[in-house]
Amino acid sequence: MSLHDGGERTLTFAGAIQEAMAQEMERDPTVFVLGQGVDDPIGFYGTTLGLAERFGSDRCFDTPLSEDAVTGMAIGAALAGLRPINTHQRMDFLLLCMNQLVNIAAKSCYMFAGAMPVPLVVRGVVGRSWGQGPQHSQAFHSYFMHVPGIKVFAPSLPYDAKGCMVAAIRDNNPVLIMEHRMLFNVQGPVPEHLYETPFGQARVLRSGDDITLVAIGHMVMEASRAARQLAEEVGIAAEVIDPVSLAPLDMATICRSVQKTGRLLVVDNSWTNCGATAEIVAQVSEQWQGSRPVQVKRLGFAPTPCPTTRPLEVDFYPHAASISKAAFGMVRGDGQEWNPERVSAKEVEAFKGPF
Amino acid sequence: MEQTTDSALCERLYRSLYRIRRVEEEVARLYPTDKIKSPVHLSIGQEAPSVAVCDLLEPEDVVFGTYRGHALYLAKGGDLPAMVAELYGKVDGCARGKGGSMHLIDMQVHMMGTTAIVATHIPHAVGYAWALQRQGKPQRVICFLGDGSTEEGVFSESLNFAALKRVPILFVCENNGYAIHSHISARSAQSDIVQRISGYGIPSARVEDGDIFRMREAARTALAAVRDPQGGPYFLEILTCRLKEHVGPKDDWHMGYRSRADIQALLANDPVDQLAARLQPESRQQIETAVEQEIERAFQYAEESPFPEQEELFQDVFA
Ligand SMILES: Cc1ncc(C[n+]2csc(CCOP(=O)(O)OP(=O)(O)O)c2C)c(N)n1
Ligand SMILES: [Mg+2]
């Protein structure tokens, strides 16, 4: 999976998703997109722009505000041989679809001994900033990781935004793609041709010997900033891993890194309790049969709902400096403290409302 | 409009409408300063349903509304400085800044906290009304909802329960024809919502012309039915129009998903202007001056209020 196998061409994260869907719709007439606002002038953050015009209103269409039933109908259409992509402006609204996704989509293949697979793609956007508040900021990837029968992607690079979408569309199972709003305008190399990001294969974004930073979704950007800060300011070499695929999870890559560093810091864009960070740490302790003890730590949302007001919201999220600080404490140990300066996160600071 | 409408009523309605309109115009004017770091779903253009219905309510009556809640909050008598401070994310806000514009609340006037997940509040209102009835309490529950929310399963499920148990509740559907950028005709084969729900066994009425007095009369009939000890639920659909973008302070006619012509009839009936024209110039002047002063004080209050302290992040997770 070389990021540069397409030469120098770059796209935004949103543009990469749009291109993946358009190319797959071109290739496979059974692929269609349904969801609130997918054919409106905004085009679902730009990711569905032009699809209705190009492929017609029966392949890219708006739906009533009926998430539960729309999910069920997408499942029905999938059973009938089509490949639906169902969008949700916020992952928070996915809670209305849980029965269909968990009780049906995730079980159908198994329950009917392979006779009723559900090739369904569900896209859930995670909001942040500008007062998204408690009900427009939640990331529920761990809810789905918990359930056998659903695959979960959380790309952080535009390259994988495209690759995950293509792989998800082609897969014969329900696949949830978690897309963080702060990533949509991020630019990166994206090959024009079609390619798949494999399930269950993590990406090592930076190598280092002192500590392993595993970060999820938007936190990959913050962890990468932290790794730079650690290297430049205190000479700590952090290895940064983006799991990309959360279910299945590539524990081999993570364990290999931990074998080398002996320290694991997992950072999530969600709560830590019973979450993806808990799962990764637990699997490391189960699987890692190394020669020395491993130090582990997790960072995530504060254990509260997300507050709306900016000064509290700032403290709610992990960020580069809080990651650096935690990593420093683990590597230098002995109660040594370092309070690194806050690193600017352009994609967060530049984001303005109204929504 | 009837000629007989008395001037005290006109003044009262005008004061409430003008106040909401001006508060939101101030929000829109200030928005580019980034002092309000919160999504705002403005009610500009659709203040009348809240004003008409709330004019008839007893202080003890309970209202449930949506994230587009500024008009309802103010019409029900919610505290203005606390609302503005909430939009600013300040500690003197009605939810100490933790909620923002989408989560207004004022329990003093029985304005329940609003949520941002469409239609979610509808069963809460039904359950609340059912519980009040069971406890023999006289106050009534009014549940405001948007046209989009009628497409959610929980809407049908709640109506069915309300009809079954004869729950005394007034549903007020503010049908502005849009859910974000989607016209109701793109979301339902039947745009007349009263038609759509006619089979539930819930009496209903529809006000189509944007006339605030007709809204009020329809609400009076509806409330009488809901207050009747032998009564039950009632569904009132009011056609109205949002003039601003779905969320935010701007106009969005240029986007092309709707045109002014589509809502010409409703626009021609903007009750703020209509009522203004019916008032004596002096009383109009008096109302407007008082409202302007009140608004200035409210924004000043919000400006001066501090942000919550860091430890507030961890407060109120549990009761
Ligand atoms: C369950 C759910 N689905 C989708 C959304 C996104 N959303 C927010 S407002 C809105 C439109 C709702 O329209 P309507 O009920 O007519 O209310 P209006 O905004 O017109 O007042 C949508 C789709 C949401 N908040 N909750
Ligand atoms: Mg509407």
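In the predicted model, the magnesium ion (ligand 2) is coordinated by three residues of chain B. The donors are B:Asp147 (OD), B:Asn176 (OD1) and B:Tyr178 (O), at 2.1 Å. Their spacing in sequence is D-x28-N-x1-Y. The site links distant parts of the chain. B:Asp147 sits in the loop between β2 and α6 of chain B, whereas B:Tyr178 belongs to strand β4 (residues 178–179), 31 residues away.

The buried residues of α6(B) are B:Phe155, B:Ser158, B:Leu159, B:Ala162 and B:Ala163. Viewed down the helix axis, these buried residues fall within an arc of 130°, so they line one face of α6(B). The general rule is that an α-helix has 3.6 residues a turn, so residues three or four places apart point the same way. The face turned away from the buried side carries the exposed residues B:Glu157 and B:Leu164. Several elements of chain B cover the buried residues of α6(B), including α5 (121–134), β2 (141–146), β3 (169–175) and β7 (234–239). Just after the helix, B:Arg166 takes a positive phi of about 50°.

Chain B also forms an interface with chain A. Here 34 residues of chain A are in contact with 39 residues of chain B. The two chains bury about 3000 Å² between them. Of this area, 66% is on carbon and sulfur atoms. One salt bridge is found across the interface. A:Lys352 forms a salt bridge with B:Asp34, and their closest N and O atoms are 2.8 Å apart.

Within chain A, A:Phe140 was examined. This residue lies in the loop between β5 (121–126) and α6 (141–145) of chain A. At 2% relative accessibility, A:Phe140 counts as buried. Neighbours within four places in sequence aside, A:Phe140 is in contact with A:Met91, A:Asp92 and A:Leu95. A:Phe140 and A:Gly124 are 16 residues apart in sequence. Their C-alpha atoms are 9.0 Å apart in space.

Terms used:
Residues are numbered from 1 along each chain as its sequence is written. Chains are lettered from A and ligands numbered from 1 in the order in which they are written. This is a predicted model: local features need pLDDT of at least 70, side-chain atom pairs count only at pLDDT 80 or more; totals for chains, interfaces and linings use all residues. Side-chain values use heavy atoms; hydrogens and water are left out. Buried means under 20% relative accessible area, exposed over 50%, partly exposed in between (1.4 Å probe, protein chains only). Helices (H or I, at least four residues) and strands (E, at least two) are DSSP runs, numbered from the N terminus. The arc is that of the directions from the helix axis to the C-beta atoms. Contact means heavy atoms within 4.5 Å. Donors are N, O and S atoms within 2.8 Å of the metal (3.2 Å for Na, K and Ca); water is not among the atoms, so sites may look incomplete. Buried area is the accessible area (1.4 Å probe) that two parts lose on being put together, summed over both. A salt bridge is a side-chain nitrogen of Lys or Arg within 4 Å of a carboxyl oxygen of Asp or Glu.
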